[in-house]
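Work through the exercises below with the sequence and the 3D structure open. Try each task before reading its solution.

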Amino acid sequence: MRPTAIRRTAVAATVMSLALFTAACGSDSEDKDSGKAAGSSAQPSEKGADKGADQSSAKALSAAELEKVSLAQGDVAGHKISKAGPADAIDAKDVTVDKAACDVFADLLMGAKAGSPAASTQRKVVSEPKKGADKDTADPEKAFKAAFDITTTLTTLASYDGKGAEETLASLRTAATDCAGGFTLTAAGSKQKVATITEEQVEGGEEAAAWKVAVEADGEKMTLKLIALRQGTTVASLSAMNLAAMDDGGDFGLPTAVVDAQAKKLA
């Protein structure tokens, strides 16, 4: 593998280890320039606080009920699915931003939960590269991309009482619009710049939204994808990256097979 490719892969893995690969370490610094105080998280389900009689009486799914509708091995052909553990996730309190309006977007992009759901589950879904694809070309660059054409998606289900799920997705849409021009986030002490947020088309659940996110870290550019869909009182958020696309901000397709499978289980 070329030295440049090795370096880019290492950078990508390091940056996204906070949410998708290795153990998330706690930040050793206070949030000095963030729209979210250290140790706290935005509460989209509580925004517009005084709902009174208008508040829906819809009940959140329990942890046991969420487990039943979470992805399991065999639900998505050509993908390996496992329960996410401490090594795969990050807490919202360890994700801070320089613009308060971008808080919920940063949380979900990093694989954290938005607000305070009544229950939640997480799965790590990894696509399997096409066998022998790296041997179909003599071009080292193309062979590398084929071998590392692996999309990793952290899928989080979060269930909220009342209108919490609707408000969470609404606040996410607002954040994506307000922060489309970029912002800086710090995840467990690692600073990254979100350069742009671009909406993409996706379907699923009662409502859904997706975005392409251009990120810069340590002088490298990369692309991430964030998808969110709502079914009843549950929000599914999917944060995805592709190793082969970590070549100067290369693009990759939405993990539609994963989205479709999760929407089907929630329906």
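**Exercise 1. Decide whether G189 is buried, exposed or partly exposed, and find its place in the chain.**

Step 1. The relative accessible area of G189 is 44%. Buried means under 20% relative accessible area, exposed over 50%, and partly exposed in between (1.4 Å probe, protein chains only). G189 is therefore partly exposed, because its value is 44%.

Step 2. G189 sits in the loop between β5 (183–187) and β6 (190–200). Helices (H or I, at least four residues) and strands (E, at least two) are DSSP runs, numbered from the N terminus.

Step 3. Between the C-alpha atoms of G189 and D94 the separation is 7.8 Å, although the two residues are 95 places apart along the chain.

Two remarks on the source apply throughout. The model is predicted: local features need pLDDT of at least 70 and side-chain atom pairs count only at pLDDT 80 or more, while totals for chains, interfaces and linings use all residues. Residues are numbered from 1 along each chain as its sequence is written, and side-chain values use heavy atoms, with hydrogens and water left out.

**Exercise 2. List the contacts of T186 beyond its neighbours within four places in sequence.**

Step 1. T186 lies in strand β5 and counts as buried because its relative accessibility is 15%.

Step 2. Contact means heavy atoms within 4.5 Å. With neighbours within four places left aside, T186 is in contact with D94, V95, T96 and K191.

**Exercise 3. Describe the sheet: what is the strand order, and which strands are at the edges?**

Step 1. Two strands pair if DSSP finds at least two bridges between them. The open sheet has nine strands in the order β1-β3-β4-β9-β8-β7-β6-β5-β2, paired antiparallel.

Step 2. β1 and β2 each pair on one side only and are the edge strands.

Step 3. From one strand to the next the twist averages 25 degrees. Axes are lines fitted to C-alpha atoms, for helices over the stretch in contact, and angles run from 0 to 180 degrees between N-to-C directions.

Step 4. The helix α5 packs on the sheet and touches β6, β7, β8 and β9. The direction of α5 makes about 40 degrees with that of β7.

Step 5. β8 and β9 run antiparallel and are joined by eight bridges.

**Exercise 4. Which members of the largest nonpolar core touch the most other members?**

Step 1. A nonpolar core is a set of buried Ala, Val, Leu, Ile, Met, Phe, Trp, Tyr and Cys residues joined through side-chain atoms within 4.5 Å.

Step 2. The largest nonpolar core has 39 residues, and F105, L109, F183, L185, I197, W211 and V213 touch the most other members.

Step 3. Elements that each supply at least two residues of this core include α3 (103–109), α5 (164–178) and β2 (95–97).

Step 4. Another core, of 21 residues, lies apart from it; V69, V202, I227 and L238 are among its residues.
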